[in-house]
Amino acid sequence: IKNPDGYPYTMKDLPAGEYAVQAVMHTNLDGPHSGTAPGNLYSKPVTVDIKDDEPQTVTLKIKKQIPPDTRSMKSDTMKSVEMRSECLSKFHGRDIYMRAILSIPPEYAKDEKRKFPAIYIIPGFGGDEFEAAGMSGMYGKSETPFVRIGLNPTCPLGHSVFADSENNGPWGRALIEEFIPYLEKNFRLISEPYARMLTGHSSGGWSSLWLQISYP
């Protein structure tokens with residue numbers, strides 16, 4: 001890079017001083033956070049003493065890789081769910097998966113024919129299905145048992161807000177037409193609007209409002 005840009009200074013205008021320098025190679029097309037996205041490559045940080053008007057070469061060797069995210073919930077009461085979205089995969093030209101964590105009430109195992117209402121929880125910017133699942137526990141107990149579903153809104157540009165977007169793709173349609181029907185079919189959920197509740201935090205709250213207006 002002949003004249004690399006930067007903020008709040010371009011590289012050529014960088015004030016003299018001691019800096020820590022690190023290279024990160026963004027290879028994970030679906031992870032918005034370069035420093036934590038699984039599969040991304042990075043170098044060790046190097047300390048550099050920058051002096052005015054003294055050109056110098058800094059060598060950075062990219063030898064490390066962020067490990068894959070192997071977290072998964074596989075108990076009688078907490079289950080990780082993953083589904084390939086046909087419409088999102090078509091939009092991006094690669095496999096795109098929708099993810100959630102289901103919190104199952106004790107009554108679920110007692111009657112294999114009973115169906116349950118669901119509450120869908122959307123976390124804020126930077127949150128995933130694990131954070132949403134943690135939020136679901138904050139709502140306390142209910143007289144009517146329901147399945148709590150923590151959704152993952154993460155997309156390449158950050159938070160999809162589950163909106164149909166020319167940048168991020170048809171996230172709203174993928175949720176409504178693909179993921180929710182998939183969950184209702186495989187986890188004995190009541191397939192009626194009255195049995196679907198929706199809530200969220202921060203950007204997840206915006207998501208909830210958009211979905212309820214766009215897909216009432």
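**Exercise 1. Find how many salt bridges the whole structure holds, and examine the pair Asp30 and Arg94.**

Solution. A search of the whole structure, a predicted model, finds nine salt bridges. A salt bridge here is a side-chain nitrogen of Lys or Arg within 4 Å of a carboxyl oxygen of Asp or Glu. The model is predicted, so local features need pLDDT of at least 70 and side-chain atom pairs count only at pLDDT 80 or more, while totals for chains, interfaces and linings use all residues. Residues are numbered from 1 along each chain as its sequence is written, and side-chain values use heavy atoms, with hydrogens and water left out.

Step 1. Asp30 and Arg94 meet through their side chains in a salt bridge of 2.8 Å, N to O.

Step 2. Asp30 sits in the loop between strand E2 (24-25) and strand E3 (41-43), and Arg94 in the loop between helix H1 (86-92) and strand E7 (97-103), so the pair ties together parts that are 64 residues apart in sequence. Helices (H or I, at least four residues) and strands (E, at least two) are DSSP runs, numbered from the N terminus.

Step 3. Asp30 has a relative accessible area of 31% and is partly exposed; Arg94, at 25%, is partly exposed. The cut-offs are under 20% for buried and over 50% for exposed, with partly exposed in between (1.4 Å probe, protein chains only).

**Exercise 2. Classify Asp13 and Lys12 by accessibility.**

Solution. Step 1. Asp13 forms a salt bridge with Lys12, and their closest N and O atoms are 3.6 Å apart.

Step 1. Lys12 is exposed because its relative accessible area is 66%, whereas Asp13, at 44%, counts as partly exposed.

**Exercise 3. Name the residues linked with Arg71 in a network of salt bridges.**

Solution. Arg71 is linked with Asp69 and Asp128 in this network.

**Exercise 4. Describe the peptide bond that joins Tyr7 and Pro8.**

Solution. The bond is cis, with omega about 5°. Pro8 is in the segment before strand E1 (17-21).
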